[in-house]
Amino acid sequence: MRSFVVIGQRATASPDFLIGDLPGTSGRLDVLLRCLRAALLVSHGVRRDTTAYFVLLGGPRAPRTLRVDGKVAEYLRPDERALATLVKKALATAPGGTAFGAAKHGLAVADGGIDAVLADLGEVTPYILDEGAADVRDGPLDTRRPAFFVGDHLGFDDLTRARLASIGATPIGLGPVSVHADDAIAIVTNEVDRRAQASG
Ligand SMILES: C[S@@+](CC[C@H](N)C(=O)[O-])C[C@H]1O[C@@H](n2cnc3c(N)ncnc32)[C@H](O)[C@@H]1O
């Protein structure tokens, strides 16, 4: 089982954004949708062993968190517009509450931010993807139950960094260049794929 947690510092927690103008109306939810694709979709399929969380810290209904469970997800397509429509519906119809409500098509929403995620994750090995940290290729990596925390286009806010430090998240770097969040997910996913295959 793999988990990804993307922190959307401005990404809207309410469904009132325009599908036709995501970057301009959603607090850059488009960045998170690309992360969704990178975390969960492969060529012609869904990674059934992966769950992705999107912490939505923008807009009047924040904080809320969207969870997409690859094990049961349906209708996930690689294009941003289709994903935006799915997410908009989930944000509009989710029952309120601090636990992840009944999931429709594998999407569920909880009121709350990173603490709602930590309560849901269970036992995992937490990693924070961080530019400048020790290179992932130079150290051990849990391929059984890793949880990777990823910043959005703004990186991580101080509160999130402090919370991740408090749970002992290990910082890992992915090379000398700061890449987009979805590319960071693709790189670390590839690393886990290779190591999992090598260890049988
Ligand atoms: C576009 S980057 C954030 C850039 C932001 N301006 C900053 O300075 O933090 C988005 C996220 O991808 C991950 N990331 C990007 N490049 C990385 C790298 N070389 N090593 C580790 N993580 C990286 C980090 O989690 C980062 O917060």
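Modeller: Phe 148 counts as buried because its relative accessibility is 0%; buried means under 20% relative accessible area, exposed over 50% and partly exposed in between, with a 1.4 Å probe and protein chains only. The model is predicted, so local features need pLDDT of at least 70 and side-chain atom pairs count only at pLDDT 80 or more, while totals for chains, interfaces and linings use all residues. Residues are numbered from 1 along each chain as its sequence is written, and side-chain values use heavy atoms, leaving out hydrogens and water.

Rings of Phe, Tyr and Trp (its six-membered ring) pair if their centres lie within 6.5 Å; planes under 30 degrees apart are stacked, over 60 edge-to-face, and the rest tilted. This rule gives three aromatic pairs. One of them joins Tyr 53 and Phe 100: the ring centres are 5.8 Å apart and the planes stand at 65°, so the pair is edge-to-face. Tyr 53 belongs to strand β4 (residues 50-58) and Phe 100 to the loop between α3 (80-93) and β6 (107-111), so the contact ties together parts 47 residues apart in sequence. Helices (H or I, at least four residues) and strands (E, at least two) are DSSP runs, numbered from the N terminus. Tyr 53 and Phe 100 are both buried.

Tyr 127 and Phe 148 have ring centres 5.5 Å apart and planes at 20°, so this pair is stacked. It links distant parts of the chain, with Tyr 127 in strand β7 (residues 125-129) and Phe 148 in strand β8 (residues 146-151), 21 residues apart. Tyr 127 counts as buried because its relative accessibility is 5%. Together with Phe 4, Tyr 127 and Phe 148 form one aromatic cluster.
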